[in-house]
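Subject: Structure handover

Hello,

Here is the structure I promised to pass on. Please keep it open while you read the notes below.

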Protein chains: 2
Amino acid sequence: MSKGDLTRSRILEEAMHLASRDGLDGLTIGSLSEALSLSKSGLFAHFGSKEALQLAVLEHTRARFGVLLVARMHRVAKGLASLRAFVNAWLDWIALPELPAGCPILGASFELEAHEGSLRDFVVKLQRESRDRMAAIVRDAVDAGELRKAVDVAQIVFELRGITLAFHQELHVMRSPSAREHAERAVCALLERHSVDKPEPASQRVRSRVAGHRKTRRTG
Amino acid sequence: MSKGDLTRSRILEEAMHLASRDGLDGLTIGSLSEALSLSKSGLFAHFGSKEALQLAVLEHTRARFGVLLVARMHRVAKGLASLRAFVNAWLDWIALPELPAGCPILGASFELEAHEGSLRDFVVKLQRESRDRMAAIVRDAVDAGELRKAVDVAQIVFELRGITLAFHQELHVMRSPSAREHAERAVCALLERHSVDKPEPASQRVRSRVAGHRKTRRTG
């Protein structure tokens, strides 16, 4: 890394922190220059415009999450183990101390819903990539014979996103101490529902054994 | 309603629309005065400050959702029917044409995560009320013998919130045509999982009958 790259990386790390706290639109050259004790003109020289800075922060955020994913999924077997590692990394990411109000990409997605333009397009692209990646991991778990062949991959991705969003809200809005536990239980229940060797709930097992027993006695 | 109340209500309806589109912080006396062709000084006379306007918009939004809920839950039996009516009203609310980027209370909850103050406190209070209300409806369904006695009410509320958040994101960020279908399927699966007369999946039924049969033969 050159000295310029290091400076840029340090700037973007602080910008990511500010974008988490204040939203992408709340991130200004002014607040960033104050936080870093760098001149506004120096920051303008690095990025050229507020939008270029915003795009660079989103890209930096994506890369940072990518590094976390690589670390967590390295040497983890394809399939359900990878899916669990991915979701756990995601929950950890949402709770990362450097991100006081969670992932800036998620925040930006809410901010930009009704605002057409290249920023919105980029956020949608990142969200789509993230869905595609998760869908591929779910399909691996199907191919590995761990999730049922008939599962609706898009439905599972939808529900996993819902769990991470609820976790984000319980953690950052409600500041609930049980946010993580609720998220993990929801993930377990979802994967169990689609698992090939899903254990039957005890009540059902008893009931169906009794039914099987009766049937055997009637026919035997 | 007096003429003053009517004017205030008309102003707040427009302000709710703007807060949905631009976020609570993006709602300004200036943009509101432009949208309504009313003078800035007239608007200031109504609200006194930007924060008072923001609080009034949140309160107006809560009241508007309350009216929708009353209309939808009127004469619906307590229990699971009410829970379904509540969730459907909520999904409709998220997709309401007057709210171009969904519920301003939800938007504000993301905006204000790391910003302490009376606005944040008010949003958290509204969110808590909404969770409490949903929890009470889930408990009614338990009391009515429709959901299992052992259900974890807070867990169900967490997962239902996750589904509505995923719906919001699929609809307003991804603009996916299957958002509603995914949300409804997720709600069905969640309620079925906790339902008293949950049917066993066919595959499980066959497998456990076979198991029961074998066991009977072994022991009989």
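Leu96(B) sits in the loop between α5 and α6 (104-111) of chain B. Helices here are DSSP runs of H or I with at least four residues, strands are runs of E with at least two, and both are numbered from the N terminus. Leu96(B) counts as partly exposed, because 14 C-beta neighbours lie inside 10 Å. The cut-offs: a residue is buried with 20 or more other C-beta atoms within 10 Å of its own, exposed with 12 or fewer, and partly exposed in between, with C-beta atoms placed from the backbone. Arg180(B) is 84 residues away from Leu96(B) in sequence, and 13 Å away in space, C-alpha to C-alpha.

Before going on, note that this is a predicted model: local features need pLDDT of at least 70, side-chain atom pairs count only at pLDDT 80 or more, and totals for chains, interfaces and linings use all residues. Residues are numbered from 1 along each chain as its sequence is written, while chains are lettered from A and ligands numbered from 1 in the order in which they are written.

Other loop residues

Ser37(B) lies between α2 (29-36) and α3 (40-47) of chain B. Its phi is near 50°, a positive value in a residue other than glycine. Ser37(B) is exposed, with 6 other C-beta atoms within 10 Å. Arg75(B) is in the loop between α4 and α5 (80-94) of chain B. Phi of Arg75(B) is positive too, near 65°, and again the residue is not glycine. With 6 C-beta neighbours inside 10 Å, Arg75(B) counts as exposed.

In chain A, Ser37(A) is in the loop between α2 (29-36) and α3 (40-47). Ser37(A) counts as exposed, because it has 6 C-beta neighbours inside 10 Å. From Ser37(A) to Glu98(A) is 61 residues in sequence and 19 Å in space, C-alpha to C-alpha.

Chain A overall

Chain A has ten helices and zero strands. Of its 220 residues, 34% count as buried. Take the contacts in chain A between residues at least 6 apart in sequence: 61% of them join residues at least 24 apart. Two residues are in contact if their C-beta atoms, placed from the backbone, lie within 7 Å.

Start with chain B. Helix α4 (residues 50-73) and helix α7 (residues 118-143) of chain B pack at an angle of about 5°, with axes 10 Å apart. That makes α4(B) roughly parallel to α7(B). Axes are lines fitted to C-alpha atoms, for helices over the stretch in contact, and angles run from 0 to 180 degrees between N-to-C directions. Angles under 35 degrees count as roughly parallel, over 145 as roughly antiparallel, 65 to 115 as roughly perpendicular and the rest as oblique.

Now chain A. The axes of α4(A) and α7(A) come within 10 Å and cross at roughly 5°. So α4(A) is roughly parallel to α7(A). On the α4(A) side, the contact is made by Glu51(A), Gln54(A), Leu55(A), Leu58(A) and Arg62(A). On the α7(A) side, Leu119(A), Phe122(A), Val123(A) and Leu126(A) take part. By class, this contact has six nonpolar, one polar and two charged residues. Ala, Val, Leu, Ile, Met, Phe, Trp, Tyr, Cys and Pro count as nonpolar, Asp, Glu, Lys and Arg as charged, and the others, Gly among them, as polar.

The 26 residues of α7(A) should span 38 Å at 1.5 Å a residue, and the end C-alpha atoms are 37 Å apart, which agrees. The expected span is 1.5 Å times one less than the number of residues. The buried residues of α7(A) are Val123(A), Ile137(A), Val138(A) and Ala141(A). Their cover includes α4 (50-73), α5 (80-94), α6 (104-111) and α8 (153-172) of chain A. Gly145(A) follows α7(A), and its phi is positive, near 75°.

In α8(B), 17 of the 20 residues are buried, so this helix is largely enclosed by the rest of the structure.

The core

The largest nonpolar core has 93 residues, and Ala15(A), Val57(A), Ala15(B) and Val57(B) touch the most other members. Such a core is a set of buried Ala, Val, Leu, Ile, Met, Phe, Trp, Tyr and Cys residues joined through C-beta atoms within 7 Å. Leaving aside neighbours within four places in sequence, Ala15(A) is in contact with Leu27(A), Leu32(A), Leu53(A) and Val57(A).

Best wishes
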